Amino acid sequence: MIEKAIEILKSAKSLFTLTGAGISAESGIPTFRGADGLWKNYSATDLATPQAFRKNPKMVWEWYHWRQGIISKAEPNPAHYALVALEKKMERFLLLTQNVDNLHRRAGSKNILELHGNIFRTRCLACGEIADYEKPPKPANSTLPKCTCGGLLRPDVIWFGEAIPQNIWQNSLDFLSQADAALICGTSGTVWPAAAIPEIAQHSDTKIIEINLEPTPVSSIVDVSIQDKAGEILPKIVAALSQ
Ligand code: OAD
């Protein structure tokens with residue numbers, strides 16, 4: 001299967017890549033689903049919806065500060081770096097990530113679109129200003145983060161029930177329609193609209209490679225499905241492409 005993935009990537013000039021929480025798992029950041037997934041122990045309805053934030057902004061911020069703390073201590077892993085190398089090899093490359101952890105950027109990837117926002121940015125509910133938020137997590141009893149205009153700040157991430165940024169989605173589809181290959185890595189393929197990417201790629205005859213620890217709902221339609229750790233497989237693929 002790795003050989004087949006290498007063949008596809010060798011002849012590709014334009015590569016679309018979609019990543020999910022699994023690519024950061026080897027950096028020590030918990031995924032959402034699976035045995036130790038965040039949604040096993042925490043309720044998405046209570047923590048990742050606009051209604052939850054309206055009802056209890058303090059609890060939602062505490063959860064985001066806790067996650068910011070974990071992510072701040074994490075480093076990009078070999079899978080992130082392999083994607084940086086792949087970007088350099090391709091004539092055209094786009095990385096669409098569902099991750100909010102900033103690790104692709106920290107690794108050095110350049111052409112990144114963040115579908116679900118970024119946990120280190122805030123958005124003001126009053127004036128709409130988006131700002132970086134790199135302060136260390138605050139103690140649980142601190143006051144809520146406020147904008148200079150006085151409005152309440154929220155994490156600049158997409159919550160369940162919210163629309164994803166249309167320009168990001170449209171740019172992704174435009175790129176995908178011209179891509180020779182699509183690499184789908186570390187995502188359960190269960191959250192829309194990202195879950196539609198493999199099927200969209202299939203309709204435009206784009207070769208699809210999936211890397212995931214386990215089979216997903218799209219494994220049956222991809223050209224190559226590799227069931228292993230992204231941090232082990234991606235560097236092997238990059239090394240073979242460099243020979
Ligand atoms: P999930 O937690 O749903 O899925 C992570 C996937 O990564 C699973 O299919 C795992 O099998 C796989 N995986 C775990 N470790 C891996 C490794 N080392 N190498 C390769 N694969 C590995 O995460 P996402 O698909 O990203 O949205 O979830 C999508 C969205 O659902 C998230 O962006 C988030 C979540 O709720 C919002 O919060 C809006």
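This is a predicted model: local features need pLDDT of at least 70, side-chain atom pairs count only at pLDDT 80 or more; totals for chains, interfaces and linings use all residues.
Modeller: Residues are numbered from 1 along each chain as its sequence is written, and side-chain values use heavy atoms, with hydrogens and water left out.

Biologist: What does "buried" mean, and how many residues of β7 are buried?

Modeller: Buried is under 20% relative accessible area, exposed is over 50%, and partly exposed is in between, using a 1.4 Å probe and protein chains only. Strands are DSSP runs of E, at least two residues long, and helices are runs of H or I with at least four, numbered from the N terminus. In β7, five of the five residues are buried, so the strand is largely enclosed by the rest of the structure.

Biologist: Which strands pair with β7?

Modeller: Two strands pair if DSSP finds at least two bridges between them. Here β1 (residues 14–19) runs parallel to β7, joined by five bridges, and Leu 15 has Ala 181 as its bridge partner. β8 also pairs with β7 in the parallel sense, over five bridges, with Ala 181 opposite Lys 207.

Biologist: And what do β7, α9 and β8 make?

Modeller: A crossover is right-handed if, with the strands pointing away from you, the path from the first strand over the helix to the second runs clockwise. β7, α9 and β8 make a right-handed β-α-β unit.

Biologist: Where does Thr 187 lie?

Modeller: Thr 187 is in the loop between β7 (181–185) and α9 (197–203). Thr 187 is buried, at 9% relative accessible area. Contact means heavy atoms within 4.5 Å; leaving out residues up to four places away in sequence, Thr 187 touches Leu 18, Gly 20, Gln 98, Asn 212 and Thr 216. Its side chain also reaches the backbone nitrogen of Gly 189 at 3.2 Å.

Biologist: How many residues does the largest nonpolar core have?

Modeller: A nonpolar core is a set of buried Ala, Val, Leu, Ile, Met, Phe, Trp, Tyr and Cys residues joined through side-chain atoms within 4.5 Å. The largest one has 29 residues, and Leu 86, Ile 211, Leu 234 and Ile 237 have the most contacts inside it. α10 gives the most to this core, with seven residues.

How values were computed. A polar contact is a pair of N or O atoms within 3.5 Å; within protein, one must be able to donate a hydrogen and the other to accept it, and residues adjacent in sequence count only if both atoms are side-chain atoms.
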